[in-house]
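Subject: Handing over the two-chain model

Dear colleague,

I am passing this structure on to you, together with some notes on what was found in it. Please have the structure open beside the text as you read.

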Amino acid sequence: MSEPVIKCQSVYKIFGANAEKMLKDSNGNVDAKTFQENGCIVGVNNASFEVSKGEMLVVMGLSGSGKSTLLRCISRLTDATGGKIFIEGQDLLNLNNKELIDLRRNKMGMVFQSFALLPHKTVLENIAFPLQIKGIKTEDSINKAMDMVKLVGLDGRENYFPRELSGGQQQRVGIARSLAVEPDIWFLDEPFSALDPLIRKEMQDEFLRLQEKLQKTIMFITHDFDEALKLADRIAIMKDGIIEQLDTPANIVLNPATEYVRKFTEEVPREKVLLIKDVMDETTTSDIGDLKVSKDEIIENVAEKILTQEKTVAVTDGKNNIVGSINPAKIINTVFGGRKNNH
Amino acid sequence: MELLKKYPKLFQWLFLLAVFFALCFAIDVPETYKFIRGQAEFVKDPNQSTFVFLGKEVRYYAFDVFWRLPPLLGWLPIWINDSLFFLMNDWMPMEFWNEDTQEYKTRPLVLQITRNLTAFMTFLIELIREILLGGLETIVAFTSWDWIDANPWAELPGLPWTIVAAGSAILAYKLGGKGLALYALLSMTYISIFGQWKPSMQTLSFILVAAPLSFIFGLGLGVAAYKSKRVEKALYPILLVMQTMPQYAVLVPALVLFGVGDHAAVIITMIVAVPPMILLTLLGLRAVPPEVIEAGRMSGCNNWQLMSKVLIPTARRDILIGVNQVIMVCFSMAVISAFIGAKGLGFNLLLALNQLNIGLALEAGLCISLIAILLDKMSLAWANKQVDYFGNLNFFQRNKNSLFFGVIVIVGILLAYFGSIYFKDGYNYLFEVPHNKGISTADFWNKGVDWIFDTFFVYIKAFNTWLIVDVLQPMRALYLRMPAIATLVLVVGAGYLIGGVRSALVVCGLTLFIALSPWWDRALVTTYMATFGVLVSCTIGFTVGTLCFQNKHSTNFMLNVCDIFQTFPSFVYLIPVMMLFGITDTSVLIAVIVYATIPATRYTIEGLRSVPAGLHDAATMSGVTKFQRLFKIEFPLAFPHMMLGLNQTIVFALFMVIIGAFIGTEDLGQYILKALSDKKGAGIGLTLGICVAFIGLIFDNLIRTWVGKRKKHLGID
């Protein structure tokens, strides 16, 4: 496998006057409470992970969990206090100002929770802004921006000002702006949190459509666990600056690592999240029935079919080879079982 | 004991007052003490004591230390003065090339720098003045007098008034729509017809130089302060003092450095106008949402791009409000700097006031106010105007205003040309209405004043006498009767009770500076006048504000009235009061009251308006009456903001009291005015200015600390 696009090794971010010295003294054993007593606030505590090309990592946590701080360390909007961050093998913290600007101009795009559009520029000018900052000719940048306007479905509104747009439309502009330079890495900081629930769902679907087309390497921040499950390839759950668990959505739902993570998973409708392959047995038994289901189906879609069977159902892969089996009892167990704490 | 525990603060205050009065009664007035009316420094009196510090001899009347502190800072003004003179005349003499005499000449560095600076300012002012009025100085600056004699055609002809009037109307239309355009046209026409064109344009040219320069410097320093904490910390005390320093007091040292005339006035105006610009720039930049800055950074902006393309455009509105402030300060200074020989309406106004020609003064004052309101409204309209999109308009649509102006210029020139044929022998009224050939209403006003005086003389006199004898004199005597130590205890104690040790130390330092200067008595008189003005202003302002707040229309009406009154340069307020009350303390105090009522009213309304709507609804639903709502909910919540209004009221009152010296008062202002005509006045003027600023800052510190704590307590911001 090739080099990961983003690689973090024990990243710390500690706010406060003598944060660096305290971190050094602690030998990598950071306790938020002791630090707080000494006037330091721990934002990110020993974060290590990798994001490979085309993968979407969703960082999920409640407010104050350090998820936005982590993102700002990786985009170097703030400097991490300790640890190492590599972007495509480049040591981010050792870049000088010019190299950093170059990196941002060509490799990175970012979307913000409050949209962060420039109020004095039109939709088109806002989208063309990163291109013009790069020094691209006005005509070329406007043409390119116009493509972006079409990509996010804002054609006809390119000469509006941000103040004349709805929240959803403003965020489309924000998305288009972040994509204008065709970055490889895409940062999204709670992009849909400021939107109404219906618009939010619409934007999530739109976002999935875009990602299917563009295949960017993505770090997506959210405080909404359902959103994380819906979008993520992998989810990192953060609490008090620490990554509590980093795994695929299915593994998090099935095997929550800590009590904190379990609380999120309890309310989740598993049949909507898990795929057949997440719960199937990899072995095939002899009394297998005639029905075959694909291993990539969501349980909800095939549950009825499986549950009406008496026998175990065969599971196939894309090429119609049988790769495992699933017992109707397993489905019932998955959907209704394992929630002892709930009632 | 129960009460003591319940209201500890109240008893602390009572204790402080008790100590204060005990000190007042315990310390007797020394027999030799009398209020010094003249300028003690130049009168040799065998009763005076002396001390020598840093080689300067300071003479003073010695009293018991508890009664009046000795003027240990008496050397400071003399020392400042001598240093300034040394700097100007003896420090770092250097060889400089002299254009006129074609030889090298030895000149001190500072003198050379200031002279070059003033020459540059003079050039700028002349340039704009000659575009508006015509002349040949600008051409001469590039060529020579000989050349202009040989080529008389090159003299700038100046713009006919019709073009300037129409041009300002077009600009007003572009910024603020039809109403503003009509106002611009009418006021410009008025100015022309009433023969005030020349002085008005002189004032305007002064402002057109001073305002942009102040804007550039203010913006630059504001950006620097935003980027560097160190710069901000260095600027902060200067900004603070400049906000409470009477503009008058800056005139004196600038007189020494830059001489007399328009150029000096521009430089002084910049000194006064830059601080508010810095503050508003800083405020605007701080208010830019952090995510917008991050978006700029992530778009790959370098520092310069981030500032010029993201931060400043986003903070546009606050920055343009700063421009508005700068323009207002410039108008105020345009009048005041007439004292150091700036030409224009201010000079005419001052002259007329000196001759007690109220009618003429009124005309000049009206013109200043008209232009001030015009520029104020225009700059505000500019600040509130949203950017428009022009991309899909054709050339004509995009430039229709400029094209229209082009047509106006041609028409105006043609009109002026025909005028020169039509009015062959007399004055070309289509080009410029000369100063004494316009319609004048001065006689009418003068007669009116005389009539008022004749008719109401008895009543005015009676009121005047009553106020002075029964109110002002006793109040003044009470203030002067305070032993210095008692005042100090009161102020420091108040500081401690409000803001703890830190506040106490700050106000102690500020008070000590005044007490150790030679002008403690004068400062007491200034404070007494300001106190009287503030008390009356606040009573009126809070009442009017509260009454007006009961109705939406009256609220807006009152705010508009405040806006317009605030636009008048402070000097204008002296005209009507002198009309009615002549040259007395009453005049000054009434001017103070009118001027200081503006912030009191405005902040009352704003404070009441800032009470959240949700609370209103909640109160209404719990069934309160109108009065209950006002007293139980609105007043307590609006009170901190109203106290900020009190703060502004004090600053405004102090300003006016100092300007009142022009009418004749016996406070610090009188000495500042004297310092203006004194060769060695620079140090005295500056120190006096600092004294006045410190009086303001004492109250500022106390009120702000209190408001900060109160707001935190109430959880509002």
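Predicted model: local features only at pLDDT ≥ 70, side-chain atom pairs only at ≥ 80, totals over all residues.

Residues are numbered from 1 along each chain as its sequence is written, and chains are lettered from A and ligands numbered from 1 in the order in which they are written.

Chain A

The secondary structure of chain A consists of 15 helices and 13 strands, where helices (H or I, at least four residues) and strands (E, at least two) are DSSP runs numbered from the N terminus. Its C-alpha atoms fill a box of roughly 70 × 55 × 40 Å along the principal axes. Of the 343 residues in chain A, 41% are buried; a residue is buried if 20 or more other C-beta atoms lie within 10 Å of its own, exposed if 12 or fewer, and partly exposed in between, with C-beta atoms placed from the backbone. Among the contacts in chain A with a separation of 6 or more, 65% are between residues 24 or more positions apart, a contact being two residues whose C-beta atoms, placed from the backbone, lie within 7 Å.

A:A116, in the loop between β6 (108-111) and α5 (123-134) of chain A, has a positive phi of about 50° although it is not a glycine, and A:A116 is buried, with 25 other C-beta atoms within 10 Å. A:I136 sits in the loop between α5 and α6 (138-151) of chain A and counts as partly exposed, with 17 C-beta neighbours inside 10 Å. Leaving out residues up to four places away in sequence, A:I136 touches A:L131 and A:S141. Helix α8 (residues 197-214) of chain A, with 18 residues, reaches 25 Å from its first C-alpha to its last, close to the 26 Å expected at 1.5 Å a residue, the expected span being 1.5 Å times one less than the number of residues. A:Q215, which follows α8(A), has a positive phi near 55°.

Where the chains meet

In the contact between the chains, 20 residues of chain B are in contact with 20 residues of chain A. On the side of chain B that touches chain A, α13 (290-298) and α14 (303-314) of chain B each supply at least two residues, and the largest share, six residues, comes from α13(B). The residues of that side divide into nine nonpolar, seven polar and four charged, where Ala, Val, Leu, Ile, Met, Phe, Trp, Tyr, Cys and Pro count as nonpolar, Asp, Glu, Lys and Arg as charged, and the others, Gly among them, as polar.

Helices of chain B

Helix α2 (residues 8-26) of chain B has 19 residues, and its end C-alpha atoms are 27 Å apart, in agreement with the 27 Å that it should span. The number of buried residues in α2(B) is one, so this helix lies largely in the open. In α4 (residues 109-133) of chain B, the buried residues include B:T114, B:M121 and B:I125, and the buried residues of α4(B) pack against α5 (137-142), α7 (161-176), α9 (197-227), α11 (247-258) and α12 (262-286) of chain B. Just after α4(B), B:G134 takes a positive phi of about 90°.

The axes of α15 (residues 316-336) and α17 of chain B come within 8 Å and cross at roughly 170°; axes are lines fitted to C-alpha atoms, for helices over the stretch in contact, and angles run from 0 to 180 degrees between N-to-C directions. These two helices, α15(B) and α17(B), are therefore roughly antiparallel to each other, since angles under 35 degrees count as roughly parallel, over 145 as roughly antiparallel, 65 to 115 as roughly perpendicular and the rest as oblique. The residues of their contact divide into 13 nonpolar, two polar and two charged.

With kind regards
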